[in-house]
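Biologist: Hi! Could you walk me through this model?
Modeller: Happy to, let's open it up.

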Amino acid sequence: MTARSAKAAPPRPARRTGFGPRPARRTGFGPRPARGGGPRTPRGPYTRLRRAWDRPLTAYYLVVGGSLLITVLGLVMVYSASQIKALQLGLAPTYFFRKQLLAAVLGGILMLVAARMTVRVHRTLAYPLLAVSVFLMTLVQIPGIGVAVNGNQNWINLGGPFQMQPSEFGKLALVLWGADLLARKQDKKLLMQWKHLLVPLIPVAFLLLGLIMLGGDMGTAIILTAILFGLLWLAGAPTRLFVGVLGAATVIGALLIKTSANRMARLACIGATDPGPQDQCWQAVHGIYALASGGFFGSGLGASMEKWGELPEPHTDFIFAITGEELGLAGTLSVLALFAALGYAGIRVAGRTEDPFVRYAAGGVTTWITAQAVINIGAVLGLLPIAGVPLPLFSFGGSALLPTMFAIGLLIAFARDEPAARAALAMRQPVFGRKLAGVRRKTMRRRVKKRPSGER
């Protein structure tokens with residue numbers, strides 16, 4: 001026997017027979033072992049949610065989805081809240097809904113147009129839009145042209161049932177013009193000087209505010225002031241300057257409120273639970289009644305009792321109260337969540353861009369929509385005085401809906417213009433019959449060189 005044959009052979013692995021226990025198989029529970037041999041870190045729902053939230057197209061989807069949901073839900077609530085009001089005026093039950101639907105369609109077209117425009121075109125529109133807004137707001141004060149609604153002369157009759165409120169377009173004009181002005185001054189490094197930070201932004205804003213206050217519309221003037229403060233904040237205004245301008249605006253606002261009995265009565269209705277003498281707090285109290293009677297899930301769509309003549313303006317300024325009565329706390333919280341998502345998306349667009357115009361314009365639009373929503377909802381809840389401003393994208397009113405949807409189109413264009421978002425959108429676009437430049441399509445077939453004719 002040789003030494004090689006004397007060496008013990010390695011044992012063969014035993015073959016498994018049909019008897020005996022089956023080796024343990026891995027189940028779906030517990031962390032999956034990593035391919036490298038080490039333990040794999042489990043991915044929790046918070047980690048997955050955070051990664052999904054940080055994707056490049058998150059702001060784009062939030063702006064598109066949030067604005068469309070608010071608009072559609074607003075159409076439903078306008079139809080529900082305005083039927084009784086239309087019948088009381090001797091009109092068809094769908095009168096206000098049809099007007100709002102027409103405005104939503106036109107606003108959707110404006111939103112698509114604004115979303116397809118480049119930043120250069122938006123900046124080009126700034127000065128013409130400002131000039132047209134000032135001209136129309138001046139026409140409002142001419143007798144025979146301007147129309148007074150609820151004591152405020154801020155409307156122009158377009159013929160028939162259609163009217164226009166030029167001050168709503170003044171908000172959009174201030175956003176675009178102010179953003180273009182501050183962006184040009186930032187490129188020239190002039191914003192460090194007070195005179196370039198304030199002039200001509202403050203004088204033009206005061207011109208718009210003066211034209212609005214000539215008609216008595218305090219609510220729109222507050223929104224315009226909020227937009228001005230938002231632009232100054234984004235431009236890096238010093239705290240003392242910001243406090244000074246805010247203090248001056250507070251003093252002017254207090255004087256305007258003190259000299260008007262109607263505004264003083266609205267201020268006295270904050271937190272009121274009783275209509276008071278001469279029912280001066282009737283609207284504020286019945287708005288609270290509508291919210292309180294809704295409960296968690298509401299009385300049902302169309303089942304509101306306050307819209308039967310008890311609550312004034314149920315389809316415009318106080319549509320949020322009807323929403324709370326018919327859809328309950330769940331419906332009102334859904335509306336608040338949609339506005340919060342829209343505001344977050346606007347802040348995210350303004351914070352991630354390198355273009356100063358995009359930052360100022362996105363911040364101005366976000367300030368506009370957020371401040372107007374807070375003022376409207378705060379008045380319905382009895383926390384703020386009734387300012388007479390509609391809930392953006394939600395309340396009835398074509399003059400407010402058209403410029404707001406154009407502003408939403410601005411946010412969509414800015415959200416798509418981010419480099420990461422542009423790359424993500426380009427990868428998701430389908431290619432029909434077109435070859436990508438520089439990319440060879442994978443195929444199982446071999447590429448055979450075409451032989452010239454006659455060759456075998």
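Biologist: Which residues have the most contacts inside the largest nonpolar core?
Modeller: They are Leu232, Phe357, Tyr360, Leu391, Ile408 and Phe414, and that core has 113 residues. A nonpolar core here is a set of buried Ala, Val, Leu, Ile, Met, Phe, Trp, Tyr and Cys residues joined through side-chain atoms within 4.5 Å. Buried means under 20% relative accessible area, exposed over 50% and partly exposed in between, with a 1.4 Å probe and protein chains only.

Biologist: And which helix gives the largest share of this core?
Modeller: Helix H15 (residues 356-380), with 13 residues. Helices (H or I, at least four residues) and strands (E, at least two) are DSSP runs, numbered from the N terminus.

Biologist: Before we go on, what kind of model is this?
Modeller: This is a predicted model, where local features need pLDDT of at least 70 and side-chain atom pairs count only at pLDDT 80 or more, while totals for chains, interfaces and linings use all residues. Residues are numbered from 1 along each chain as its sequence is written, and side-chain values use heavy atoms, with hydrogens and water left out.

Biologist: Good to know! How many helices and strands does the protein chain have?
Modeller: There are 17 helices and three strands. The chain has 456 residues, and 43% of them count as buried.

Biologist: Back to Ile408: what is it in contact with?
Modeller: Leaving aside neighbours within four places in sequence, Ile408 is in contact with Val63, Ser67, Met111, Leu342, Ile369 and Leu393. Contact means heavy atoms within 4.5 Å.

Biologist: Let's do helix packing. At what angle do H10 and H15 pack?
Modeller: Helix H10 (residues 218-234) and H15 pack at about 145 degrees, with their axes 9 Å apart. Axes are lines fitted to C-alpha atoms, for helices over the stretch in contact, and angles run from 0 to 180 degrees between N-to-C directions.

Biologist: Is that crossing left-handed or right-handed?
Modeller: The crossing of H10 and H15 is right-handed. A crossing is left-handed if the near helix is turned anticlockwise from the far one by less than a right angle, and right-handed if clockwise. Among the residues making the contact are Ala226 and Gly230 of H10 and Gly363 and Trp368 of H15.

Biologist: What classes do those contact residues fall into?
Modeller: The contact of H10 with H15 has ten nonpolar, five polar and one charged. Ala, Val, Leu, Ile, Met, Phe, Trp, Tyr, Cys and Pro count as nonpolar, Asp, Glu, Lys and Arg as charged, and the others, Gly among them, as polar.

Biologist: How do H9 and H10 cross?
Modeller: Their axes come within 9 Å and cross at roughly 170 degrees. That makes H9 roughly antiparallel to H10. Angles under 35 degrees count as roughly parallel, over 145 as roughly antiparallel, 65 to 115 as roughly perpendicular and the rest as oblique.

Biologist: And H6 with H9?
Modeller: The axes of helix H6 (residues 126-139) and helix H9 (residues 201-214) come within 9 Å and cross at roughly 30 degrees. That makes H6 roughly parallel to H9, and their crossing is left-handed.

Biologist: New topic: is Glu168 buried or exposed?
Modeller: Glu168 is buried, with a relative accessible area of 2%. Glu168 lies in helix H7 (residues 166-187). Not counting residues up to four places away in sequence, Glu168 touches Thr220, Trp368, Ser399, Ala400 and Pro403.

Biologist: Last one: where is Gly343 found?
Modeller: Gly343 is in helix H14 (residues 319-352), and is buried at a relative accessible area of 12%.
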